[in-house]
Number of protein chains: 2
Amino acid sequence: MGRPATDKRARLVAAAVQLFHHKGYARTSIADVAKTARMPAGNVFYFFKAKEDLARAVVDDWCRMLADYLAVHDSQPDYESRIEGFIENACAISGMYVSLGCPLAGLARDLRHEGNALTAEASRVYAVQFEWLIGQFTLGGYSVPEATAHTRLLMAGYHGAILMAHAQGDPTLIADEVAHLKSWLKNLPRPASRSTRRRA
Amino acid sequence: MGRPATDKRARLVAAAVQLFHHKGYARTSIADVAKTARMPAGNVFYFFKAKEDLARAVVDDWCRMLADYLAVHDSQPDYESRIEGFIENACAISGMYVSLGCPLAGLARDLRHEGNALTAEASRVYAVQFEWLIGQFTLGGYSVPEATAHTRLLMAGYHGAILMAHAQGDPTLIADEVAHLKSWLKNLPRPASRSTRRRA
DNA sequence: GTCTATATATTGATAGAC
DNA sequence: GTCTATCAATATATAGAC
């Protein structure tokens with residue numbers, strides 16, 4: 001169906017992804033987005049009939065980017081190395097987390113304040129990480145309830161450390177939590193039943 | 001010095017505390033605050049010459065409220081019971097956390113997006129909890145570095161679980177983390193040196 | 001001290017020329 | 001499809017009557 005041949009829509013989404021992270025959703029104007037994407041303000045409404053629709057496109061883009069990033073870990077041979085890679089990545093980008101906060105946390109919070117229309121979108125942004133982690137623990141031989149419980153603790157500690165590091169302006173909060181989570185992961189009780197891959 | 005005899009200022013701050021939590025800082029207008037506090041909009045600027053100053057007063061109010069709440073735990077006989085009370089409180093108010101998110105997280109994030117003028121204020125909101133927890137662990141005999149490390153892990157898991165529960169709309173994320181943290185606290189290695197209060 | 005205007009800027013969104 | 005001009009609503013903040 002008649003999508004435009006240009007990359008204008010993609011440029012608008014990319015600009016919105018960045019600005020929603022840097023300034024927040026409410027403080028980012030359509031004019032801001034258009035300017036960052038190097039086009040006139042009125043043009044935005046050709047691609048998105050309302051700011052809400054732009055927000056939905058931004059959520060879609062984050063889900064896609066997160067899935068792409070998580071796929072990078074697929075080259076690791078076992079589930080534990082893949083999860084460890086996920087955990088350690090927080091250290092690699094802790095500077096961004098400290099200065100701007102987690103983009104997922106920001107987006108989820110912002111969208112919940114924009115009326116019921118966007119509340120459902122807010123829940124989607126973390127779902128990709130949740131599902132990937134549950135899938136990895138399951139591959140490691142844990143039952144789905146076990147994998148879910150482990151994932152929830154991991155996600156809480158992981159994103160909580162980012163939250164604290166941002167609020168306190170201190171990247172060592174992330175480094176300490178990463179070290180703690182790696183140790184926690186290594187000392188996790190082995191799954192009771194069959195494991196599709198041996199080794200810790 | 002010439003403070004007004006009425007409670008209008010306090011009513012404005014209370015209204016702002018509530019609205020900043022429910023709607024976020026950017027989406028809360030001065031008119032909203034005045035209306036909630038039952039007075040005309042123009043009146044706000046007699047007490048706060050700018051919206052920024054209202055934000056500062058809201059941060060002050062949160063620091064005071066947090067200190068008052070933490071003092072409730074002083075009746076507990078030992079540091080471990082006091083920290084346990086702090087942890088368990090997340091369950092008691094998990095409904096509020098799920099529907100509105102943590103007010104501290106929201107305020108901290110919102111203020112960081114309002115230019116450099118309010119960034120410093122954003123760091124203050126968690127400081128009361130950090131310092132109280134470090135103080136409790138220290139009373140339990142831990143060294144200041146040990147107490148700080150324990151506090152940082154606790155704060156990350158605690159506030160991370162609230163963040164996830166809000167984003168996913170699921171209070172069991174908080175209940176599970178609370179159970180985990182209580183077990184973690186109980187199994188924490190005893191401090192090496194003198195302890196001002198015996199017992200786990 | 002308190003409240004009623006109102007100034008001024010910016011917002012999301014639309015209409016219509018090209 | 002693209003862009004200009006502009007609307008209507010809402011925001012913070014001020015001036016000045018009471």
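Predicted model: local features only at pLDDT ≥ 70, side-chain atom pairs only at ≥ 80, totals over all residues.

Reader: Let me start with one chain. What makes up the secondary structure of chain A?

Author: Chain A has 10 helices and 0 strands. Along the sequence the pattern reads α-α-α-α-α-α-α-α-α-α. Its C-alpha atoms fill a box of roughly 60 × 45 × 30 Å along the principal axes.

Reader: How much of chain A counts as buried?

Author: Of its 200 residues, 50% count as buried. As for contacts in chain A between residues at least 6 apart in sequence, 68% join residues at least 24 apart.

Reader: Why is C63(B) called buried?

Author: Buried means under 20% relative accessible area. C63(B) has 15% relative accessibility, so the label buried applies. C63(B) sits in helix α4 (residues 51-72) of chain B. Leaving out residues up to four places away in sequence, C63(B) touches R124(B) and V128(B).

Reader: How far is C63(B) from S183(B)?

Author: In sequence they are 120 residues apart. In space their C-alpha atoms are 29 Å apart.

Reader: What makes R64(A) and D68(A) a salt bridge?

Author: The rule asks for a side-chain nitrogen of Lys or Arg within 4 Å of a carboxyl oxygen of Asp or Glu. The closest N and O atoms of R64(A) and D68(A) are 3.5 Å apart, so the pair passes. Both residues lie in helix α4 (residues 51-72) of chain A. They are 4 residues apart, about one turn of the helix.

Reader: Why is R64(A) called partly exposed?

Author: The label covers values between the 20% and 50% cut-offs. R64(A) has 45% relative accessibility, so R64(A) is partly exposed. D68(A) is partly exposed too, with a relative accessible area of 45%.

Reader: Which parts of the chain does the salt bridge of E80(A) and R190(A) link?

Author: Their side chains meet at 4.0 Å, N to O. E80(A) is in helix α5 (residues 79-92) of chain A, and R190(A) is in the segment after α10 (172-186) of chain A. The two residues are 110 apart, so this pair links distant parts of the chain.

Reader: Are E80(A) and R190(A) buried or partly exposed?

Author: E80(A) is buried, because 7% is under the 20% cut-off. R190(A) has 37% relative accessibility, so R190(A) counts as partly exposed.

Reader: How do you know that the salt bridge of D110(B) and R109(A) joins two chains?

Author: The closest N and O atoms are 2.6 Å apart. D110(B) lies in helix α7 of chain B, and R109(A) in helix α7 (residues 103-112) of chain A, so the pair joins two chains. D110(B) is buried, with a relative accessible area of 10%. R109(A) is buried as well, at 9%.

Reader: Which residues form one network through salt bridges that share partners?

Author: They are K49(A), E52(A), D53(A) and R56(A). Over all chains, the whole structure has 30 salt bridges.

Reader: How many residues are in contact between chain B and chain A?

Author: 40 residues of chain B contact 40 residues of chain A. About 3,300 Å² is buried between the chains, and carbon and sulfur atoms give 55% of that area. In chain B, R109(B), R152(B) and M164(B) lose the most area to chain A. Together they give 20% of what that side buries.

Reader: What polar and charged pairs cross between chain B and chain A?

Author: There are 8 salt bridges. One of them pairs R109(B) with D110(A), at 2.6 Å, N to O. The rule for polar contacts finds 22 residue pairs.

Reader: Which helix gives the most to the side of chain B that touches chain A?

Author: α9(B) gives the most, with 13 residues. The residues of that side of chain B divide into 16 nonpolar, 14 polar and 10 charged.

Reader: Why are the two copies said to be related as by a two-fold rotation axis?

Author: A rotation of 180°, with 0.0 Å of shift along its axis, superposes chain B on chain A. The RMSD is 0.0 Å. The two copies are therefore related as by a two-fold axis. In chain B, G160(B) has the C-alpha nearest the axis, at 1.7 Å. The same surface serves both copies, since 100% of the contact residues of chain B recur in chain A.

How values were computed. Residues numbered from 1 in each chain as written. Chains lettered and ligands numbered in written order. Heavy atoms only, no water. Contact = heavy atoms within 4.5 Å. Buried area = accessible area lost by both parts, 1.4 Å probe. Polar contact = N/O pair within 3.5 Å; in protein donor to acceptor, adjacent residues only side chain to side chain. Nonpolar A, V, L, I, M, F, W, Y, C, P; charged D, E, K, R; others polar. Least-squares fit on C-alpha atoms with pLDDT ≥ 70 in both. Buried < 20%, exposed > 50% of the residue type's maximum accessible area, 1.4 Å probe, protein only.
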